[in-house]
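These are my notebook entries on a structure I looked up. I began with one term that I would need later, and then took the entries topic by topic.

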Protein chains: 2
Amino acid sequence: MIKFDILIKNAVILTMDSKMTLFDNGFIGIQNDIITYLGATKPNCSAEEIIDAENNIIMPGLINSHTHSGMTMFRGVADDLSLMNWLNNYIWPLEDKFVTEKNVRIASKLAIAEMILSGTTTFNDMYFFTGTTAENCKEIGMRAVLGEAVIDFPASVKKTSEKYFIEFIEKYSNDDLIIPSIVPHSPYSCSKELLQRIKLLSDENNLPVHIHISETLDEVNLIKDRTGMTPVEYLDSIDFLNHRTIAVHCVHLTDNDINILKIRNVGIVNSPESNLKLASGIAEVPKMIKSGLTVSLGTDGPASNNNLDMFEEMSITVKIHKALYNDSTVMNAREVLKMGTINGAKVLGINNLTGSLEVGKKADLIMIDVKKPHLTPMYDPYSHLTYCAKGSDVDTVIINGKLILKKRKFLKLDLEKVMLDIKNISNEINAYKN
Amino acid sequence: MIKFDILIKNAVILTMDSKMTLFDNGFIGIQNDIITYLGATKPNCSAEEIIDAENNIIMPGLINSHTHSGMTMFRGVADDLSLMNWLNNYIWPLEDKFVTEKNVRIASKLAIAEMILSGTTTFNDMYFFTGTTAENCKEIGMRAVLGEAVIDFPASVKKTSEKYFIEFIEKYSNDDLIIPSIVPHSPYSCSKELLQRIKLLSDENNLPVHIHISETLDEVNLIKDRTGMTPVEYLDSIDFLNHRTIAVHCVHLTDNDINILKIRNVGIVNSPESNLKLASGIAEVPKMIKSGLTVSLGTDGPASNNNLDMFEEMSITVKIHKALYNDSTVMNAREVLKMGTINGAKVLGINNLTGSLEVGKKADLIMIDVKKPHLTPMYDPYSHLTYCAKGSDVDTVIINGKLILKKRKFLKLDLEKVMLDIKNISNEINAYKN
């Protein structure tokens, strides 16, 4: 008789495996951090904890493939402005003043709480004082790909030294929740020499490289003026791109750019809500998928979105391209759910660990309560998760085999304190602004 | 000393009046169905019920200016199909079989519950067996503009006789919650003679006329082939358009169409999520607003959205046009909140009753609980309601001075029963489909 730590019963299970296996009324057994049973029948077993998932859909935890978790302190501090006005007069001066180790510790904890409450179980982060974010992940039990943002321009944004990020990588090189990465901000804000040093470090240590590419037309034109090439062509010309590259945004790509990204096996992250809100443009997601690229989704930071809800990103992605392509079949519910789960894991290079529910993978899963008016009736769970569900429908979250959120209550995290701490920071920010 | 039925204290109040008056810590007094006090200081008063709105934003109830409430039974029954496949092979055959008085009574009750739970206090409906929807509104306490859809083609969709809608109009001509309307489906599905009869009836009885106009390019081309004119030009040529016309969708308008709609003082409703999902296109909302048209928002029916959450419509509206116009200032949070409230009331011709919080207007208001991670910190409540909030953040709802929803619980409605009833219908639909 198997002895599980957790047994889940009575669930509609969307495994998101390569065959899109679905169980109408299935069972999941978890031992330590691993899924060791998945099936339509109850195994001969005992369990420390039995979870009755009646009226719930179970799916892999969502993967937020690009965010800036420390920016929750700036959520909604400035909106409806032109990008340059927003950056130069609000975000950069505020970051210069308020992005301290102490504040990032609070802000990223709030971000992690918000992400778990809306179904994210892994996030890929680009920010400063990453050590504090990693400590929050360990404390709360969140999985994350984390690296310290490195940048040459503007120098005022520089918050830590190169030593900081090297030490961070060493410290977390063998962690069960944290996957270290290297995070050059973008081709326009990092020098060629810096990018080449990063590439070498990535090759030597097999580290993912997380970088913004072709987010705005201004950026594309800047690189073209400097190099005569598009950002993708330029990065390829310095041998920067490979399967470890996590290329974020990719709003403005030429056919040749897409071809290069495909040849180099680069993983793509799109952040549609941020791209819309900042008027950056709309990435040609269906075209990228058709060309064979793996495309995932991220929320971007809470100052440009302004929340961290992956359900919104999936919902907007599947809908917006239908209208733009004048074809309601150009994307569908199953495809966009892959973007939010297994594609994210592939792009981050952790699909051996997470992104689908399969025996042998880490137990990273979410339960969505469908006994609600806006989710009733239910003909197709894939459709419901894409077109009807919200982050607030997430009921229970398990990460790395541990029950983190149960009936929307954190088992360990003191949410009241986190919200109070961030309010104190926002009071300081308001005082500084006025 | 004033004696209120309800006194609300400690609230951030967005009145959405013409001056966009905001109270950081205000008071609202309600007597019977009317707001009789609104201010920054506590009046000398007693109250039957005192609501402490600490940690809440109070705003006018949202106005869902276009939906088909009876279609909740078909929520998610068919997605990701071409429009004609969706209509011909799924929606129309299913409507033919399942749109009965008994089923619409259940389906519209579920819709009303979902709308109240996501902050809508008035909706404008186009469907069949409207009498049942009206009875649900009266039972639950919902405000609605209701009329029986009339249509010449396809005849199979016809569910009731003209007598039905005339009797409905007479019955509710003086109701405190129901505003009767006349609802010709569209210029392509109603004959010229029918449209002219409707116009006469509207003129004689001062009734709003709720009609789909220029939703798809196919529709525009059909009318052009028939008449040589765009749908708007055609309707104007038969003297159909005036300030009582509620023109829904308006995705494909020429400059001349916009000019005609402005001259005739027609109210506009856009349903962006449905327009995206059905690949109908994207209406030029900023252009319409700039031209002086009053533009409001509706969810459209739950089979083409697939929920009835007005927060999603506002959020997508403010963002999508920024990217399409390549200008992040082209729309803003305050403007889109007007679209979801006071503009809806203007378009439906009921802005003397609702749509803003002002002394003398009906007490239709919602409280949004902002003590949540994704709404923390808060620098600007308008931004939060537009970019961060979800329908599920609505905590308490008052309609026509009555407390309908308190801490997300209905005071009178048996939600479990409604969900069970709709599941039974969906079981029949599944059996019929398979």
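Entry 1. Term and model. I took a polar contact to be a pair of N or O atoms within 3.5 Å; within protein, one must be able to donate a hydrogen and the other to accept it, and residues adjacent in sequence count only if both atoms are side-chain atoms. I note that the model is predicted.

Entry 2. A buried aspartate in chain B. I applied the term to B:Asp300, whose side chain is joined to that of B:Ser274 by a polar contact of 2.7 Å. I placed B:Asp300 in the loop between strand 14 and helix 11 of chain B. This residue is buried and yet has no salt bridge. I looked for the nearest side chain of opposite charge and found B:Lys277, 9.7 Å away. A salt bridge needs a side-chain nitrogen of Lys or Arg within 4 Å of a carboxyl oxygen of Asp or Glu. Leaving aside neighbours within four places in sequence, I listed the contacts of B:Asp300, among them B:His66, B:His68, B:Glu215 and B:His249.

Entry 3. Backbone at B:His249. I then turned to B:His249, which is in contact with B:Asp300. B:His249 has a positive phi of about 90° although it is not a glycine. I noted this because most residues other than glycine have a negative phi. B:His249 lies in strand 12 of chain B, residues 245–249, and counts as buried at 0% relative accessibility.

Entry 4. Backbone at A:Asn326. In chain A I found a positive phi, near 55°, at A:Asn326. I placed A:Asn326 in the loop between helix 11 and helix 12 (333–340) of chain A. Is A:Asn326 buried or exposed? I recorded it as exposed, because its relative accessible area is 57% and the exposed class starts over 50%.

Entry 5. Cis peptide bonds. I looked these up because most peptide bonds are trans. One cis bond joins A:Thr376 and A:Pro377, with omega about -10°; A:Pro377 sits in the loop between strand 15 (365–369) and helix 14 of chain A. Another joins B:Asn305 and B:Asn306, with omega about 10°. I found B:Asn306 in the loop between strand 14 (295–297) and helix 11 (310–324) of chain B.

Entry 6. Helix 14 of chain A. How many of the 8 residues of this helix are buried? I recorded 8 of the 8, so the helix is largely enclosed by the rest of the structure. Its buried residues include A:Tyr382, A:His384 and A:Cys388. At the start of helix 14, a side-chain oxygen of A:Asp380 reaches to within 2.9 Å of the backbone nitrogen of A:Tyr382.

Entry 7. Where the chains meet. I recorded 63 residues of chain A in contact with 64 residues of chain B. The area buried between the two chains is about 4,900 Å², with 60% of it from carbon and sulfur atoms. On the chain A side, A:Asp80, A:Pro373 and A:Tyr379 lose the most area to chain B, together 16% of what that side buries. A:Asp80 also meets B:Lys322 in a salt bridge between side chains, at 2.7 Å from N to O. Elements that give two or more residues to the side of chain A that touches chain B include helix 2 (101–117) and helix 14 (381–388). Helix 15 of chain A gives the most to that side, with 8 residues.

Definitions and conventions
Residues numbered from 1 in each chain as written. Chains lettered and ligands numbered in written order. Predicted model: local features only at pLDDT ≥ 70, side-chain atom pairs only at ≥ 80, totals over all residues. Heavy atoms only, no water. Contact = heavy atoms within 4.5 Å. Buried area = accessible area lost by both parts, 1.4 Å probe. Helix = DSSP H or I, 4+ residues; strand = E, 2+ residues; numbered from the N terminus. Buried < 20%, exposed > 50% of the residue type's maximum accessible area, 1.4 Å probe, protein only. Lys, Arg positive; Asp, Glu negative; His and termini not counted.
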